[in-house]
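Hi everyone, and thanks for making time for this. I'd like to walk you through a structure that may be new to you, so please have a look at it with me.

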Amino acid sequence: MFTSSGIYAAAAIFAALSAIVFGLVLRPKPGLLQQRLGDTGYVEEEEDGHRGTFLNRVLVPALGVVGRLGQRMSPGSDTSLLAIQLEITEMKVSVELFTALRLIGLIVGLGMGVGLTFLLDVGFPAGFFLIGVLGAVGRMFPDLMLRSKLRKREALVLQDLPNVIDLLKTAVN
């Protein structure tokens, strides 16, 4: 039924598609020069006279619309907690965009599940199970990335905690 090479190929395709989508949206932080240029309000114009890239002009606003629709379906406490977590991790992503990434992950996962079901010629119950599992993994992928960044941030805070306590002790004395 399942061949190991088919499963490895499907996992590689899923990882590649997810990396492309999330890599486009979650850009690295700007360097010091870009931050200072951003503070001055200087923005480069492209050759055609438009400001910004296709990602900033088209893709991010479209994902924002999708994210707002997804936010309407999620409870308010989830939205406020997500906003705090995104701020703590210093990710350059809004709550709407992160919600859109969740929906995109779900769609990519479901698509991968359907594709694998037909590619591997999986029967009725196993095929639905595969579609459901890959859909759930795709939906959870952005949350797993966020949790990973939160753990790294927590480790940095705990690493610096003795120095902060020492400074507070010195300031009080």
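This predicted model holds two salt bridges. In one of them, Asp143 pairs with Arg102, and the closest N and O atoms are 2.9 Å apart. Asp143 belongs to helix H6 and Arg102 to helix H5, so this pair ties together parts that are 41 residues apart in sequence. The other salt bridge joins the side chains of Arg139 and Asp143, at 2.7 Å from N to O. Here both residues, Arg139 and Asp143, sit in helix H6, four residues apart, which is about one turn of the helix. If you are wondering about that spacing, an α-helix has 3.6 residues a turn, so residues three or four places apart point the same way.

Through shared partners, the salt bridges join Arg102, Arg139 and Asp143 into one network.

Arg139, at 32%, counts as partly exposed.

Let's stay with Arg102 for a moment. Which residues does Arg102 touch, leaving aside its neighbours within four places in sequence? The contacts are with Asp78, Leu82, Gly138, Arg139, Pro142 and Asp143.

Let me step back to the whole chain. The protein has six helices and zero strands, and reading along the sequence gives the pattern α-α-α-α-α-α. Of its 173 residues, 25% are buried. Among contacts with a separation of 6 or more, 72% are between residues 24 or more positions apart. The protein exposes about 11900 Å², and carbon and sulfur atoms supply 66% of that area.

Next, the inside. In soluble globular proteins, nonpolar side chains tend to be buried together. In this model, the largest nonpolar core has 21 residues, and those with the most contacts inside it are Leu82, Leu86, Phe98, Leu116 and Leu146. Which helices supply at least two residues each to this core? They are helix H1 (4-25), helix H4 (76-89), helix H5 (95-119) and helix H6. Helix H5 gives the most, with eight residues.

And here is Leu82 again. Leaving aside neighbours within four places in sequence, Leu82 is in contact with Val95, Phe98, Thr99, Arg102 and Leu146. Two of these, Phe98 and Leu146, are also on that list of core residues with the most contacts. Arg102, on the other hand, is the salt-bridge partner of Asp143.

Since helix H5 keeps coming up, let's check its length. At 1.5 Å a residue, the 25 residues of helix H5 should span 36 Å, and the C-alpha atoms at its ends are 36 Å apart, which agrees.

What happens just after helix H5? There, Asp121 takes a positive phi of about 55°. Most residues other than glycine have a negative phi, and Asp121 is not a glycine. Asp121 is in the loop between helix H5 and helix H6. With a relative accessible area of 68%, Asp121 is exposed.

Moving on into helix H6, please find Gly135. Gly135 is buried, with a relative accessible area of 1%. Leaving aside neighbours within four places in sequence, Gly135 is in contact with Leu106, Gly109 and Leu110. The C-alpha atoms of Gly135 and Met112 are separated by 8.0 Å, and these two residues are 23 residues apart along the chain.

Our last stop is on the surface. Leu158, Leu161, Val164, Ile165 and Leu168 form a nonpolar patch there, with about 460 Å² of accessible area together. Leu158 is found in helix H6, which covers residues 124-172. Why does Leu158 count as exposed? Its relative accessibility is 54%, and the cut-off for exposed is over 50%.

Definitions and conventions: Residues numbered from 1 in each chain as written. Predicted model: local features only at pLDDT ≥ 70, side-chain atom pairs only at ≥ 80, totals over all residues. Heavy atoms only, no water. Buried < 20%, exposed > 50% of the residue type's maximum accessible area, 1.4 Å probe, protein only. Contact = heavy atoms within 4.5 Å. Areas by Shrake-Rupley, 256 points an atom, 1.4 Å probe, with all protein chains shown as cover. Patch = residues over 30% accessible without salt bridge, like charges linked within 9 Å, V, L, I, M, F, W, Y side chains within 5 Å. Salt bridge = Lys/Arg side-chain N within 4 Å of Asp/Glu carboxyl O. Core = buried A, V, L, I, M, F, W, Y, C linked by side-chain atoms within 4.5 Å. Expected span 1.5 Å × (residues − 1).
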